[in-house]
Amino acid sequence: MVTAVQPRTHTTASALTTVRLPSLRHFGPQWYATVMGTAIVATAGAGLPVDMPGLRTACTAVWALSAAMLAVVLTARAAHWVGHRDQARDQLVDPAIAPFYGCLAMALLAVGTGTLTVGQDVIGQRAAVATAAGLFGAGTLIGLAAAVVVPYLMVVRRRVGPATASPVWLLPVVPPMVSASLGPLLVPHLPAGQWREALLLASYAMFGISLFATLIILPVVFSRLIHHGALPLALTPSLFLVLGPLGQSTTAVNKLADAAPGAIDAQYTQGFAAFAVIYGVPVLGFALLWLVLATAMVMRALGRGMPFTMSWWAFTFPVGTCATGAEGLAHHTGLVALEWLAVGLYVLLVTAWAVTGFRTLRDLFGGALLAAPRRT
């Protein structure tokens with residue numbers, strides 16, 4: 001009887017493996033973009049310079065959703081590495097997929113920012129600070145590693161031609177900029193003196209890391225567009241990724257200016273505040289220019305049959321960073337025009353999030369998003 005039961009048990013286990021594991025075989029790191037795009041809805045909404053009944057409650061609910069999504073995606077990615085290690089290793093050295101490992105760091109940091117911004121209304125300030133600090137530490141370490149490892153692998157493991165350049169290359173170098181935005185929120189919770197100043201300046205250093213890396217990559221991306229034409233239809237939404245470092249850097253300098261008093265000598269405090277406006281206004285202006293250009297390219301692609309893919313999540317987080325950047329500038333300048341700009345960008349963000357989220361759920365349960373990807 002024992003020998004009769006053993007084959008049946010083995011068959012059952014094999015059947016379960018056949019049913020469950022293949023569904024995660026193509027579950028790549030790009031799924032962290034869903035967490036980023038959801039978390040920024042909560043963060044940007046909480047910072048709007050308007051008083052709307054129920055807005056903060058709605059933002060808190062969206063933050064809770066993003067935290068739950070982060071747990072689900074982290075679990076699914078762990079199962080992917082365990083059950084499909086060969087595929088996971090191939091993705092790590094694939095120049096089309098490897099940059100998305102930067103999304104892991106940004107997902108952690110985005111949820112951490114939301115935890116300090118609205119999450120403390122639910123879990124309390126002490127728990128919120130501890131959670132945000134843990135997510136900041138993990139996200140920063142992973143982000144710095146991605147900023148080095150992913151470009152290194154693209155250089156030594158694969159030959160990448162100029163025609164293959166795309167805004168996706170920005171993903172590994174943007175996480176330090178997100179850390180530079182979350183770090184200042186943690187500064188007031190540290191002991192006065194060296195600890196606060198160290199975190200403030202470390203955040204400023206990460207701002208520089210991401211900024212200069214972005215300045216290297218952006219000309220390559222624009223050169224590819226000029227010399228090789230428009231991106232393939234499925235990749236066209238990735239043009240919105242350029243808004244990420246622009247909006248996030250504007251957000252970062254404003255957050256750093258807010259945290260400077262009490263963390264650094266008074267002689268530098270005014271410099272931080274001045275730089276927030278001097279840097280933020282022209283960068284946000286260029287971001288708006290790129291937003292119009294990217295929108296025109298997307299409309300053109302839609303007219304030619306642009307399909308829905310996970311790249312549509314590029315419509316969310318990058319636009320959200322521009323909204324938070326406009327909020328910061330409105331706070332430091334007092335301009336009503338910037339307040340209206342922040343509201344307009346937030347409306348665009350929520351619309352993009354709702355449409356993209358609906359189509360993601362539809363294609364997820366339909367099986368299309370977990371199928372083997374087609375090369376563009």
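Visitor: Does serine 238 count as buried or exposed?
Guide: In this predicted model, the relative accessible area of serine 238 is 3%. The cut-off for burial is under 20%, so serine 238 counts as buried.

Visitor: Where does serine 238 lie, and which residues does it touch?
Guide: Serine 238 is placed in the loop between H8 and helix H9 (243-259). Leaving out residues up to four places away in sequence, the residues that serine 238 touches are Pro167, Val168, Leu231 and Ala314.

Visitor: What span does helix H8 reach from its first C-alpha to its last?
Guide: Helix H8 covers residues 194-228 and has 35 residues. At 1.5 Å a residue, the expected span is 51 Å. The span reached by helix H8 is close to that expectation, at 51 Å.

Visitor: Which residue follows H8, and what is its phi?
Guide: The residue after H8 is glycine 229. The phi of glycine 229 is positive, near 85°.

Visitor: Is alanine 165 buried or exposed, and which residues does it touch?
Guide: Alanine 165 is found in the loop between H6 and helix H7 (175-186). Its relative accessibility is 2%, so alanine 165 counts as buried. Not counting residues up to four places away in sequence, alanine 165 touches Val220, Arg224 and Leu231.

Visitor: How many Å apart in space are alanine 165 and valine 221?
Guide: In sequence, alanine 165 and valine 221 are 56 residues apart. From C-alpha to C-alpha, their separation in space is 5.7 Å.

Visitor: What relative accessible area does phenylalanine 275 have, and which residues is it in contact with?
Guide: Phenylalanine 275 belongs to helix H10 (residues 266-303). Its relative accessible area is 28%, so phenylalanine 275 is partly exposed. With neighbours within four places in sequence left aside, its contacts are Tyr204, Phe207, Val253 and Gly280.

Visitor: How far apart in space are phenylalanine 275 and asparagine 254?
Guide: Along the sequence, 21 residues separate phenylalanine 275 and asparagine 254. In space, their C-alpha to C-alpha distance is 8.6 Å.

Visitor: What is the relative accessibility of alanine 323, and which residues does it touch?
Guide: Alanine 323 has its place in helix H11 (residues 317-333). It counts as buried, because its relative accessibility is 0%. Not counting residues up to four places away in sequence, alanine 323 touches Ala44, Ala342, Leu345 and Tyr346.

Visitor: Which helices do the buried residues of H4 pack against?
Guide: Helix H4 spans residues 85-93, and its buried residues include Gln87, Ala88, Gln91 and Val93. The buried residues of H4 pack against helix H3 (55-83) and helix H6 (125-156).

Visitor: What is the radius of gyration of the chain?
Guide: The chain has twelve helices and zero strands. For 376 residues the globule rule gives 21 Å, and the chain is close to that value, so it is as compact as a globular protein of that length. The radius of gyration of the chain is 21 Å.

Visitor: What share of contacts in the chain with a separation of 6 or more joins residues 24 or more positions apart?
Guide: Of the 376 residues of the chain, 49% count as buried. Among contacts with a separation of 6 or more, the share from residues 24 or more positions apart is 82%.

Visitor: How far apart do the centres of the positive and negative side chains lie?
Guide: The accessible surface comes to about 17,500 Å², and 69% of it belongs to carbon and sulfur atoms. The chain has 20 positive and 11 negative side chains. The centres of these two sets are separated by 17 Å.

Notes: Residues are numbered from 1 along each chain as its sequence is written. This is a predicted model: local features need pLDDT of at least 70, side-chain atom pairs count only at pLDDT 80 or more; totals for chains, interfaces and linings use all residues. Side-chain values use heavy atoms; hydrogens and water are left out. Helices (H or I, at least four residues) and strands (E, at least two) are DSSP runs, numbered from the N terminus. Buried means under 20% relative accessible area, exposed over 50%, partly exposed in between (1.4 Å probe, protein chains only). Contact means heavy atoms within 4.5 Å. The expected span of a helix is 1.5 Å times one less than its number of residues. The radius of gyration is taken over C-alpha atoms; the globule rule is 2.2 Å times the number of residues to the power 0.38. Accessible areas come from the Shrake-Rupley method with a 1.4 Å probe; for residues, only the protein chains shown count as cover. Lys and Arg count as positive and Asp and Glu as negative; His and the chain ends are not counted. The place of a charge is taken as NZ of Lys, CZ of Arg, CG of Asp or CD of Glu.
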